[in-house]
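User: I am new to reading protein models and would like to go through this one slowly, by way of questions and answers.

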Amino acid sequence: MTVPGSIAEQVLDVARAAVAGAPNDQTRAQAQAVVDRLSGPLRVAIAGRVKAGKSTLLNALVGERLAPTDAGECTKLVSRYRRGAGYQVSAIMRDGRTEQLAFNRTGGALDVQLGALSERDVVMLDVVWPTTALETITLIDTPGLASINDENSRRTREFLEQQDERPSDADAVIYLMRHAHRSDMAFLDAFMDRSVTSASPVNAVAVLSRADEIGAGRLDAMESSSRIAARYQHDPQLRGLCAAVVPLAGLLAETGLTLREDEVASLRTLAGTHPDVLERMLMSADQFCETSASELTVELRRALLDRLGVFGLRLALTEIREGRGTTAATLGPILVEHSGLTALRQLISQHFMPRARVLQARSGLVALRSLARSLEPIVPALAADIDRRLEQLEASTVQFSQVRAAHLVASGAASVAPSERAELDRLFSASPSPAMLGLGPGTSVDQVQTAAAAAIARWRTQAGDPLADPTTVEVYDIATRVVEQVYGATIAR
Ligand SMILES: Nc1nc2c(ncn2[C@@H]2O[C@H](COP(=O)(O)OP(=O)(O)OP(=O)(O)O)[C@@H](O)[C@H]2O)c(=O)[nH]1
Ligand SMILES: [Mg+2]
């Protein structure tokens, strides 16, 4: 799955050597975990404060209502959803054991029975599900962050935070927030990986969640929330913590992707209500469920409200009235389109995925470094060898720097000319190759060298600009190093 010669591949080699030389089962299992991690999909955790909409977003990304999201239900255990051949749920226990669990699906969501197990002994639920949505990404739902002493928050922090002696269990984080709260900043800050390169928010994106609720469900809610997200994105403190901020109405996405024909039938009945009455109904949840307001039963109305929220109801009813979405097949995609899910997916595929291997390599490297420390008293030669290889990797690879530079450009922290952005994006988004210089596969070595030499000279000049700030100089320096690698590869051949 990995690109030969890539940084992930090289870290994988060190991990395999650690498996081969491991003196006991425990260290072998630790090294094997790094091997598994580097050869598996990217692990993306969804985190945020209590009721930010994390489980709902997970369902939207999977396209199924798997994670329970009822208002009264809170996620208590870290739950990992990954692709597998069959359906299976197990508990990963503190003592390292794995226990298979019974489950059923009530109202669509998974209802997992812990049986005789105590929540306190469970580190994580492991859900294996046969869906293509989880092919390239493993999603991790986490309990809501509340306060320092709260048990659920502790589980999430334990899972995500980078500890000195242990790497984070996630390769990337989608952080949901309803407002840029001070504690959101503190939580995000704690997830930052500062261990390999200097601090880089490249492994976090923020989502302004439940965006439809901004402005009391008015139809321009998503435009308002886009403006707020854009403002957050320019906040210097937040910009230093995550790569981007996008607005999202996760509920709309989840419902759009799982909309049933009977629900649309109920909506059609509602759409027939007199506009004045309907307008009054949509003023509040209480008025919407007021018994005499519509011929549709209160129970069905409540169900629609849970599935769509006031904004979603307003949108769906407008679309039905205007004949654009009158069936589940036509209305569902409209809801998804308005949810902001496409922009988030794009961010995942353009921001996370290309860097997935580098991010994973970075996690792997941290894990191996901590493994080397525990191997030191038992097999000092192996520990020293692992350390030496990791040091070499870190010093020689440009890829960690590329990821950082990509962030500095994307976040606006470096002030590069708009005309240079596309070229810099190309330089920072893949392993060094002639394609970065806009050269096709048939280009001769001479031509590559000429183009590379010209580019090196240009980026060096930029880096030497006495008026440029240090961050911008760093970006141009990295650009120079990347092109130097392209040039170097022509000589090595
Ligand atoms: N209007 C609206 N409601 C939402 C949205 N996302 C989630 N909700 C509702 O908010 C409530 C909580 O959603 P969850 O997805 O369970 O939130 P969570 O962050 O997983 O909550 P915890 O696990 O308890 O921390 C549910 O009633 C959802 O239906 C959204 O985008 N818009
Ligand atoms: Mg939840």
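This is a predicted model: local features need pLDDT of at least 70, side-chain atom pairs count only at pLDDT 80 or more; totals for chains, interfaces and linings use all residues.

User: Which residues of helix α9 are buried, and where do they lie around the axis?

Analyst: Helices (H or I, at least four residues) and strands (E, at least two) are DSSP runs, numbered from the N terminus, and a residue is buried if 20 or more other C-beta atoms lie within 10 Å of its own, exposed if 12 or fewer, and partly exposed in between, with C-beta atoms placed from the backbone. In α9, which spans residues 261–271, the buried residues are Glu-263, Val-264, Leu-267 and Leu-270. Because they cover an arc of only 110° around the axis (taken from the directions from the helix axis to the C-beta atoms), these residues are on the same side of α9.

User: Which helices do the buried residues of α9 pack against?

Analyst: The face of α9 turned away from the buried side carries the exposed residues Glu-261 and Asp-262. The buried residues of α9, for their part, pack against α12 (298–321) and α13 (328–339).

User: How are α12 and α13 oriented to each other?

Analyst: Their axes, which are lines fitted to C-alpha atoms over the stretch in contact, with angles running from 0 to 180 degrees between N-to-C directions, come within 11 Å and cross at roughly 135°. Angles under 35 degrees count as roughly parallel, over 145 as roughly antiparallel, 65 to 115 as roughly perpendicular and the rest as oblique. The two helices α12 and α13 are therefore oblique.

User: Which residues of α14 are exposed on the face turned away from its buried side?

Analyst: In α14, residues 341–352, the buried residues are Leu-341, Leu-344, His-351 and Phe-352. These fall within an arc of 125° seen down the axis, so they line one face of α14. The face turned away from that buried side carries the exposed residues Thr-342 and Gln-346.

User: Is Ser-55 buried or exposed?

Analyst: Ser-55 is found in helix α3, residues 54–62. Leaving aside neighbours within four places in sequence, Ser-55 is in contact with Ala-67, Pro-68, Thr-69, Thr-75 and Asp-141. With 27 other C-beta atoms within 10 Å, Ser-55 is buried.

User: How far apart are the axes of α3 and α8?

Analyst: Residues Thr-56, Leu-57, Asn-59 and Ala-60 in α3 meet Gly-250, Leu-251, Ala-253, Glu-254 and Leu-257 in α8. Helix α8 covers residues 250–258, and α3 packs with α8 at an angle of about 40°, the axes being 8 Å apart.

User: What is the phi of Arg-210, and what is that of Lys-51?

Analyst: Most residues other than glycine have a negative phi. Neither is a glycine, yet phi is positive in Arg-210, at about 50°, and in Lys-51, near 60°.

Note on methods: Residues are numbered from 1 along each chain as its sequence is written. Chains are lettered from A and ligands numbered from 1 in the order in which they are written. Two residues are in contact if their C-beta atoms, placed from the backbone, lie within 7 Å.
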